[in-house]
Structures are given as C-alpha cells and as structure tokens.
Amino acid sequence: MSRHSKNNTATHHFTYREKVAAGHGTLKRRYGKDSQLPFGCCCLCLKPILEKEEPLASPCGYMYCKGCIYANLLAQKQQIKLDVAAYEAQEEGKLAKEDAEVLAAERKLLESTLGVNRQVDFIKSVDERARLQLSSKIDLETTAEKAKEMQRTSFWVPGFTPSAEVVLAKPDEFTKDPMSGKALKLKQLMPVHLKRSDKETKGESVVMCAVRPLS
C-alpha cells in the first residue's frame, strides 16, 4: 500500500464532504430583506407607490406605477413594430434571393444549351465568333480560378472573409408582463387602492391592511 493511498483525493468517487464542498446536490438559501421587494413598491422603478401614482396590478400579481407600466408597454409595442419590419424584410430578401437563383440557373442552362458565354454579334464572321467564344471562356475560367485561389489563401481580405448569416426568428406580436414574461394587455391591468399609515417603520411607510387597521 502506497503512502498516499488513504488520502481523500485517492478514492475514485466523491465523498459526501467533497460533494458539499463542490456545490453538488440541493442548495438551500434564505433570502434576506434586501433581496425581496417590499409590498406596495413598483416592480419597475422599485419605489413605494403613492396613491396619486395610481398603482396597477397585473393578472400575475405584480404591482406597477401607472406611468412606469404604460411607458414599458409603449416601448414594447415600438420594439415589436421594428422587429416585425425587420423580419418581413428578411423574408422578402429570401424570396428575392430564391428568384435570383432560379433565374441564374435558367440562364446558365440556356447558355450551356446554346454554347455561348456572352452575347455575340451574329453579323461577324464564323471565325470571329468562335474566337470571341474561346477567349471569353478562357477569361471566365481564369478569373474564377483566380478568385477561388484567392479565397483559399487570402481569407483575411474583406471581400473573402467568411461571415455568419444572421437569421431572425419570427417575433411575438403581443406585449408581455415585464416580470412574469406572460402576455399582458393594457386592459388587463387592475387598479389597486393602497392606503399608507402615517407612522413609519424603520424609516419606511407601511401599507395598511384593508381589514384590520394598523395599531
């Protein structure tokens, strides 16, 4: 038996103490007051909602100032319009690209069938037309080969730099609750009547209970 055979790191499996130290398993934590929003505060501006600010509650139970939630939903609508316009432009570009590819394939097939690479003046003689066809074929092949070789060896050139195509997913066309992420409409917000006590607890005003007044 070697000298270090009984060390904790010599076993082929984790001990319970090592698992706890590594953070495996179920972790239990108690959230403090600083990590929880007090009742009667706006979830967007994090400030206590006063009666004059007309507090509104979402169907999920989150409370907002009227001005904050209105501004948030308006910003979402404006962003949705921009996203939808960008998505429609992307789809139109895809259709145009497909049409261009089909047209290029048809043109290539037609040129291969006719045996010409560019428009030739048929008024010229047969020898001149044959010479023009041969020179154009050589020029095109040479240019294509040069471009292919340049792309292989000089990939850092801006014209040959590979780029990933950004594909936009279809955006949602409805506004969402900023906290829960569920669909939320303006008419679904419910007004909340909050009455705060004149007394302050630890420097903060407390929302009074509607059933039993604060003693």
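Over which residues does pLDDT stay under 50?

1. Confidence. That condition holds over residues 119-123, for which the model has four contacts beyond four places in sequence. Here pLDDT is the predictor's confidence in each residue, on a scale from 0 to 100, and contact means heavy atoms within 4.5 Å. The chain averages a pLDDT of 78, and 68% of the residues score at least 70. Among the elements of the chain, strand 1 has the highest mean value, 93, whereas helix 3 (residues 126-153) has the lowest, 63.

2. Basis of the note. This is a predicted model, in which local features need pLDDT of at least 70 and side-chain atom pairs count only at pLDDT 80 or more, while totals for chains, interfaces and linings use all residues. Residues are numbered from 1 along each chain as its sequence is written, and side-chain values use heavy atoms, with hydrogens and water left out.

3. Overall architecture. The chain contains three helices and five strands, following the pattern α-β-β-α-α-β-β-β along the sequence. These elements are DSSP runs numbered from the N terminus: helices are H or I with at least four residues, strands E with at least two. Of the contacts with a separation of 6 or more, 47% are between residues 24 or more positions apart.

4. An open sheet is formed by three strands in the order 2-1-3, with antiparallel pairing; two strands pair if DSSP finds at least two bridges between them. Strand 2 (63-64) and strand 3 (190-191) stand at the edges with a single partner strand each, so one side of each has no neighbour in the sheet. Strand 1 (residues 56-57) is joined to strand 3 by two bridges, and Ala57 stands opposite Met190 in strand 3.

5. Surface and burial. The accessible surface of the chain comes to about 18,400 Å², of which carbon and sulfur atoms contribute 57%; areas come from the Shrake-Rupley method with a 1.4 Å probe, and for residues only the protein chains shown count as cover. Buried residues make up 15% of the 215 residues. Buried means under 20% relative accessible area, exposed over 50%, and partly exposed in between (1.4 Å probe, protein chains only).

6. Nonpolar core. The largest nonpolar core has 15 residues, of which Ile49, Ile69, Leu189 and Leu194 touch the most other members. Strand 1, strand 2 and helix 2 (66-114) are the elements that give two or more residues to this core. Such a core is a set of buried Ala, Val, Leu, Ile, Met, Phe, Trp, Tyr and Cys residues joined through side-chain atoms within 4.5 Å. Beyond four places in sequence, the residues that Ile49 touches include Cys41, Cys42, Met63, Tyr64 and Leu194.

7. Cysteines. The structure holds zero disulfides, a disulfide being a pair of cysteine sulfur atoms within 2.5 Å. For Cys41, the nearest cysteine sulfur is that of Cys45, 8.3 Å away; for Cys42, the nearest is also that of Cys45, at 3.7 Å. Cys41 is buried with a relative accessible area of 9%, and Cys42 is buried at 0%.

8. Two loop residues. Ser58, in the loop between strand 1 and strand 2, is buried with a relative accessible area of 1%. Its contacts beyond four places in sequence are Tyr64, Asp177, Leu184, Leu189 and Met190. Gln188, in the loop between helix 3 and strand 3, is partly exposed at 33% relative accessibility. Beyond four places in sequence, Gln188 touches Ala57, Pro59 and Ala183. The C-alpha atoms of Gln188 and Leu56 are separated by 9.7 Å, although the two are 132 residues apart along the chain.
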